[in-house]
Amino acid sequence: MDIVHFRQMIKPWMLPIAMVTGMIFHSEIESVQFLAPYLIFVMLLITFCKVDPKELKFGHMSWVLLAVQLLGGVGLYFALRPLSPVLAEGAFICVFCPTATAAPVITGMLGGSVVKVAMYSIVSNVAVALTAPALFEYMGGESLGDAVGFVKGFTTICLKVGPLIILPLITAFVLRYAAPKVHHSIASHQSLSFYIWAVSLLIVVGKSVSFVMSEPQHMIPVMSAIAGAALVVCVLQFIIGRRIGRRFGDRVAGAQGLAQKNTVLAIWMSLNFLDPISSVGPASYILWQNTINSAQIYFKTRKDTKKL
């Protein structure tokens with residue numbers, strides 16, 4: 001068996017392999033967890049190198065999806081906060097988190113517009129980079145009235161989140177014009193982002209498992225509630241995104257743009273800037289979104305097969 005066939009065979013299993021490995025070796029993963037932000041940077045860089053700035057035309061669908069992502073996330077947070085602040089954070093991050101780097105790939109498999117999702121991915125990631133510092137600092141417990149404390153926390157989060165999301169985009173565009181050969185080489189290896197994503201997932205899942213296992217048993221109901229909220233949020237985002245996409249002529253792009261989340265980034269942000277227990281939300285969202293996408297791909301494949 002050659003390497004190409006081996007990669008094709010193992011690719012569908014990379015997600016569960018990464019998650020199970022992270023769960024089993026969660027203690028050992030602590031020594032390499034510092035690599036997570038660097039892997040996320042590289043993953044985004046590879047994805048953004050595929051995008052031609054000249055083709056970027058941010059249509060109305062992108063702005064409608066963005067409004068749901070940002071305003072919907074904040075609205076959900078304030079709606080759930082009276083019940084439980086950590087539940088509110090877990091649900092919030094599942095809506096607020098930007099579009100997954102793998103979304104264009106899944107969109108193409110389902111017959112949607114890859115360009116539309118790629119464009120929205122950029123809008124989504126940049127919007128998160130610009131708004132996350134203020135939101136995370138507020139949710140982290142600092143009062144908006146404490147100007148000095150808020151500005152200090154805001155600046156700290158800016159320095160961590162901003163470069164992670166915006167710098168890959170800037171780097172990709174600079175390479176396109178300053179080092180076209182390097183840019184082309186990166187852009188032609190899009191499959192690498194999938195495997196980098198799998199390694200990143202392994203690390204953040206391992207870190208999440210370590211944290212969850214250290215929690216007392218009385219937190220199990222809270223964590224179960226967060227996982228349940230993530231399921232509801234995931235299903236609703238697929239439905240809402242599909243309806244928005246239908247208004248603009250592409251149901252698949254709308255659904256994938258809004259509902260398929262960069263859960264690796266979401267878990268990292270939860271563990272670093274919110275109550276760490278809220279990371280149960282995006283961690284469980286991994287299962288929910290991939291279950292839905294797997295079902296969609298199955299039915300799409302079966303439908304296409306019948307046409308042959």
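Predicted model: local features only at pLDDT ≥ 70, side-chain atom pairs only at ≥ 80, totals over all residues.
Let me begin with Ile 46, which, once its neighbours within four places in sequence are set aside, is in contact with Ile 186, His 189, Gln 190, Leu 192, Ser 193 and Ile 196, where contact means heavy atoms within 4.5 Å. Residues are numbered from 1 along each chain as its sequence is written, and side-chain values use heavy atoms, with hydrogens and water left out.

Ile 46 is found in helix H4, residues 36-48, and helices here are DSSP runs of H or I with at least four residues, strands being runs of E with at least two, numbered from the N terminus. Is Ile 46 buried or exposed? Ile 46 counts as buried because its relative accessibility is 6%, and buried means under 20% relative accessible area, exposed over 50%, and partly exposed in between, with a 1.4 Å probe and protein chains only. The C-alpha atoms of Ile 46 and Ala 187 are separated by 6.1 Å, although these residues lie 141 residues apart along the chain.

Turning to the whole chain, we find 15 helices and 0 strands, and 47% of its 308 residues count as buried. Among contacts between residues at least 6 apart in sequence, 81% join residues at least 24 apart.

Finally, Arg 242 has its place in helix H12, and Arg 242 counts as partly exposed because its relative accessibility is 33%.
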